[in-house]
Amino acid sequence: MSVDWIGYGYAALVASGGVAGYVKAGSVPSLAAGLICGGLAGLGAYQQSTDPKNIWLSLAASGTLTVLMGMRYYNSRKFMPAGLIAGASLLMVGKLGLQMMEKPL
């Protein structure tokens, strides 16, 4: 059983982004969204750690954040936090896509 350290790191990044948004701007929606999406990404990393073929929750969380934060970055042109999360999410989608190609589900 291999641990999905990249997935756990991604989940921590997303959750800490929500906490940072709350601390900096007092944004409760940012806190809630960060913790929910980070929690889902963490659960997906756990599922992947127990069964490397079970990538669907991780893929759904990172794919959704790629689209949503990518649109926010496109509209605002501010790298922090939208560009960072969109980029990290896109890298996660790429990692999961490569995993799908290596080990057919």
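Is Ala11 buried or exposed? Ala11 counts as buried, at 7% relative accessibility, where buried means under 20% relative accessible area, exposed over 50% and partly exposed in between, using a 1.4 Å probe and protein chains only. The model is a predicted one, in which local features need pLDDT of at least 70 and side-chain atom pairs count only at pLDDT 80 or more, while totals for chains, interfaces and linings use all residues. Residues are numbered from 1 along each chain as its sequence is written, and side-chain values use heavy atoms, with hydrogens and water left out.

- Ala11 sits in helix 1; helices are DSSP runs of H or I with at least four residues, strands are runs of E with at least two, and both are numbered from the N terminus.
- Apart from neighbours within four places in sequence, Ala11 is in contact with Gly38, Ala41 and Gly42, contact being heavy atoms within 4.5 Å.
- From Ala11 to Gly39 the C-alpha distance is 6.7 Å, although 28 residues separate them in sequence.
- Gly42 belongs to helix 2 and is buried, with a relative accessible area of 16%.
- With neighbours within four places in sequence set aside, Gly42 is in contact with Tyr8 and Ala11.
- The C-alpha atom of Gly42 is 9.4 Å from that of Leu57, which is 15 residues away along the chain.
- Ala12 is also part of helix 1, and at 46% relative accessibility Ala12 counts as partly exposed.
- Between the C-alpha atoms of Ala12 and Asn75 there are 25 Å, and the two are 63 residues apart along the chain.
- Tyr46 is a residue of helix 2 and counts as partly exposed, at 48% relative accessibility.
- Tyr46 and Asp4 are 42 residues apart along the chain, with 7.3 Å between their C-alpha atoms.

**Helix 2 against helix 3**

- Helix 2 covers residues 28-50 and helix 3 covers residues 56-76; they pack at an angle of about 145°, with axes 7 Å apart.
- An axis here is a line fitted to C-alpha atoms, for helices over the stretch in contact, and angles run from 0 to 180 degrees between N-to-C directions.
- The crossing of helix 2 and helix 3 is left-handed, a term used if the near helix is turned anticlockwise from the far one by less than a right angle; clockwise would be right-handed.
- Helix 2 contributes Cys37, Leu40, Ala41, Leu43, Gly44, Ala45, Gln47 and Gln48 to the contact, and helix 3 contributes Leu57, Ser58, Ala61 and Leu65.
- These contact residues comprise eight nonpolar, four polar and no charged.
- In this division Ala, Val, Leu, Ile, Met, Phe, Trp, Tyr, Cys and Pro are nonpolar, Asp, Glu, Lys and Arg are charged, and the others, Gly among them, are polar.

**Helix 3 against helix 4**

- The axes of helix 3 and helix 4 cross at roughly 145° and come within 8 Å, in a left-handed crossing.
- Among the residues in this contact are Trp56, Leu65, Met69 and Tyr73 of helix 3 and Phe79, Pro81, Ile85 and Leu96 of helix 4.
- The contact of helix 3 with helix 4 holds 15 nonpolar, seven polar and one charged.
- Met69 is in contact with Pro81, Ala82, Ile85 and Ala86, leaving aside its neighbours within four places in sequence.

**Nonpolar core**

- The largest nonpolar core contains 13 residues, and those with the most contacts inside it are Tyr10, Val14, Leu65 and Met69.
- A nonpolar core is a set of buried Ala, Val, Leu, Ile, Met, Phe, Trp, Tyr and Cys residues joined through side-chain atoms within 4.5 Å.
- Two or more residues of this core come from each of helix 1 (5-25), helix 3 and helix 4 (79-102), and helix 4 gives the most, with six residues.

- Most residues other than glycine have a negative phi, and most peptide bonds are trans.
- Arg77, in the loop between helix 3 and helix 4, has a positive phi near 60°.
- Arg77 is exposed, with a relative accessible area of 54%.
- The peptide bond joining Met80 and Pro81 is cis, with omega about -5°, and Pro81 is in helix 4.

**UniProt record**

- The unreviewed UniProt entry lists residues 6-23, 30-49, 55-74 and 81-101 as "transmembrane region".
- UniProt positions are given in the numbering used here, feature names are shortened, and annotations may be inferred rather than shown by experiment.
- Residues 55-74 are 95% helix and 0% strand, with end C-alpha atoms 28 Å apart.
- Residues 81-101 are 100% helix and 0% strand, with 30 Å between the end C-alpha atoms.
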